[in-house]
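This report describes the fold of a single chain and the surroundings of its ligand. The sequence and the structure are shown first.

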Amino acid sequence: MGAIAGIVGWIFIIALLAGVGIIALELLWYRLPAKAGSERGYSRRIALVTGASSGLGRMYACLAAERFKDIDEIWLVARREDKLKETAELISGTTRTLVCDLSAPSDLGKLKSVLKEENVRVGILFNCAGLGKIGDHDSLSIEQQTGMIDLNCTAAVKVADMCIPHMEKGDHIINVCSTAAFQPLQKLGIYAASKSFLLKYTRSLRIELLPRKIMVTAVCPYWIKDTEFIKVATTRDKGVKHFLLASDVYTVGRVSYRGAMIGLPVVTPGIICTIHRFFSKLLPDTVLQYIWGGVRRI
Ligand SMILES: NC(=O)c1ccc[n+]([C@@H]2O[C@H](COP(=O)([O-])OP(=O)(O)OC[C@H]3O[C@@H](n4cnc5c(N)ncnc54)[C@H](OP(=O)(O)O)[C@@H]3O)[C@@H](O)[C@H]2O)c1
């Protein structure tokens with residue numbers, strides 16, 4: 001028995017070291033000099049932030065304006081124009097607000113056309129628009145359920161897909177997922193599954209874009225108390241009682257921005273999401289689901 005435990009322990013340690021080594025090589029690869037960029041004659045280099053009208057998206061827009069060099073304009077995308085303007089007022093550089101319902105194929109089409117017509121280079125994309133709804137198949141309408149998939153999955157893929165042709169070496173895609181991506185969560189089932197999709201998609205996109213030296217990062221935060229997310233997620237179904245030890249947008253924004261800029265594949269900006277990520281690799285989903293069953297009732 002002791003020998004088996006030893007072998008399993010060694011396999012775990014070797015796998016962990018291999019993972020760390022591969023990430024170190026990827027980070028080195030991104031920083032190696034490359035051949036001259038394409039001759040597309042872009043009009044300017046932009047940062048595109050979806051979900052920029054509040055919360056984490058607003059925070060990322062401010063951070064990009066403050067810290068991301070060689071950006072000519074920050075494009076702010078969401079549905080509420082007044083809130084987008086509030087974000088724009090916080091930014092000293094040039095901004096452009098694009099009122100866009102990312103769940104509507106026609107609006108996505110318009111965004112794609114603007115990128116093409118203006119021939120901009122997308123230096124950084126924050127795919128931050130997202131929503132969750134607490135409840136299950138009985139308490140949520142089918143529109144509420146599929147609405148999460150439309151925004152968290154379909155729109156995120158479509159926005160990334162329209163930006164990639166406008167990207168070059170050193171450019172960056174940041175997809176905002178969630179710690180919910182690490183396991184199935186009853187009463188947040190569709191949300192967790194949608195973020196799990198986004199996390200796996202982000203990881204595969206990273207490897208696909210590695211030869212072009214375009215960085216791709218998934219950010220997986222735990223609850224953030226001071227954005228609109230929890231208010232939007234709350235329904236009559238009190239499937240989650242309290243949002244224990246929820247973090248704040250200032251901390252999550254800054255920590256995740258730093259991790260993403262290094263070029264990490266997955267950033268867990270906080271202690272709880274980091275612990276969750278670790279144990280989700282060790283424990284079976286069934287066990288994790290029963291732990292969640294207890295946590296959500298506290
Ligand atoms: N807060 C948390 O506890 C938490 C935890 C983990 C992960 N996350 C993830 O973090 C991301 C940001 O969330 P947040 O906490 O900053 O929440 P938030 O304050 O509610 O922000 C969500 C943003 O998405 C935009 N949005 C919603 N539906 C849209 C649509 N159909 N078309 C375009 N934009 C739309 C909203 O703008 P408009 O309403 O103006 O359109 C808003 O700017 C989300 O992807 C969320 O899943 C949040």
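## Helix H6 and its surroundings

Helix H6, residues 189-209, contains 21 residues and extends 30 Å from its first C-alpha to its last, close to the 30 Å expected at 1.5 Å a residue. That expected span is 1.5 Å times one less than the number of residues in the helix. The model is a predicted one: local features need pLDDT of at least 70 and side-chain atom pairs count only at pLDDT 80 or more, whereas totals for chains, interfaces and linings use all residues. Residues are numbered from 1 along each chain as its sequence is written.

Helices (H or I, at least four residues) and strands (E, at least two) are DSSP runs, numbered from the N terminus. A residue is termed buried if 20 or more other C-beta atoms lie within 10 Å of its own, exposed if 12 or fewer do, and partly exposed in between, with C-beta atoms placed from the backbone. By this criterion, the buried residues of H6 are Ile190, Tyr191, Ala192, Ser194, Lys195, Leu198, Leu199, Thr202 and Arg206. Their cover includes helix H5 (142-163), strand E5 (172-176) and strand E6 (215-219).

## The chain as a whole

The secondary structure amounts to ten helices and seven strands. The C-alpha trace spans about 65 × 50 × 30 Å along its principal axes. For 298 residues, a compact globule would have a radius of gyration near 19 Å, and the 20 Å of the chain agrees with this. The radius is taken over C-alpha atoms, and the globule rule is 2.2 Å times the number of residues to the power 0.38.

Of the 298 residues, 39% are buried. Two residues are in contact if their C-beta atoms, placed from the backbone, lie within 7 Å. Among contacts between residues at least 6 apart in sequence, 72% join residues at least 24 apart.

## The parallel sheet

Strands of a sheet pair through backbone hydrogen bonds, either parallel or antiparallel. Here seven strands form an open sheet with parallel pairing, in the order E3-E2-E1-E4-E5-E6-E7. Strand E3 (95-99) and strand E7 (266-267) are at the edges; each has a single partner strand, so one side of each lacks a neighbour in the sheet. Two strands are taken to pair if DSSP finds at least two bridges between them.

| Strand pair | Bridges | Residues opposite each other |
|---|---|---|
| E1 and E2, parallel | five bridges | Leu48 and Trp75 |
| E1 and E4, parallel | six bridges | Ala47 and Ile124 |

Strand E2 has five buried residues out of six, so it is largely enclosed by the rest of the structure. Strand E5 is mostly covered, with five of its five residues buried. From E5, His172, Ile174 and Val176 point one way, while Ile173 and Asn175 point the other way.

## Loop residues

Phe68 is located in the loop between H2 and strand E2 (73-78). Phe68 is partly exposed, because 18 other C-beta atoms lie within 10 Å. Apart from neighbours within four places in sequence, Phe68 is in contact with Ala47, Gly123 and Ile124. Phe68 and Met261 are 193 residues apart in sequence, yet their C-alpha atoms are 9.4 Å apart in space.

Most residues other than glycine have a negative phi, and most peptide bonds are trans. Lys187 has a positive phi, near 75 degrees, and is placed in the loop between E5 and H6. Lys187 counts as buried because it has 20 C-beta neighbours inside 10 Å. Leu245 also has a positive phi, near 55 degrees, and belongs to the loop between H7 and helix H8 (249-262). Leu245 is exposed, because 11 other C-beta atoms lie within 10 Å.

## The ligand shell

Which residues come nearest to the ligand? Of the 30 residues around the ligand, they are Gly51, Gly55, Arg79, Gly130 and Phe229. Helix H2 (55-67) and helix H7 (229-233) are the elements that give two or more residues to this shell. A residue is near a molecule if its C-beta atom, placed from the backbone, lies within 6 Å of it.

By class, the shell comprises 15 nonpolar, ten polar and five charged residues. Ala, Val, Leu, Ile, Met, Phe, Trp, Tyr, Cys and Pro count as nonpolar, Asp, Glu, Lys and Arg as charged, and the others, Gly among them, as polar.
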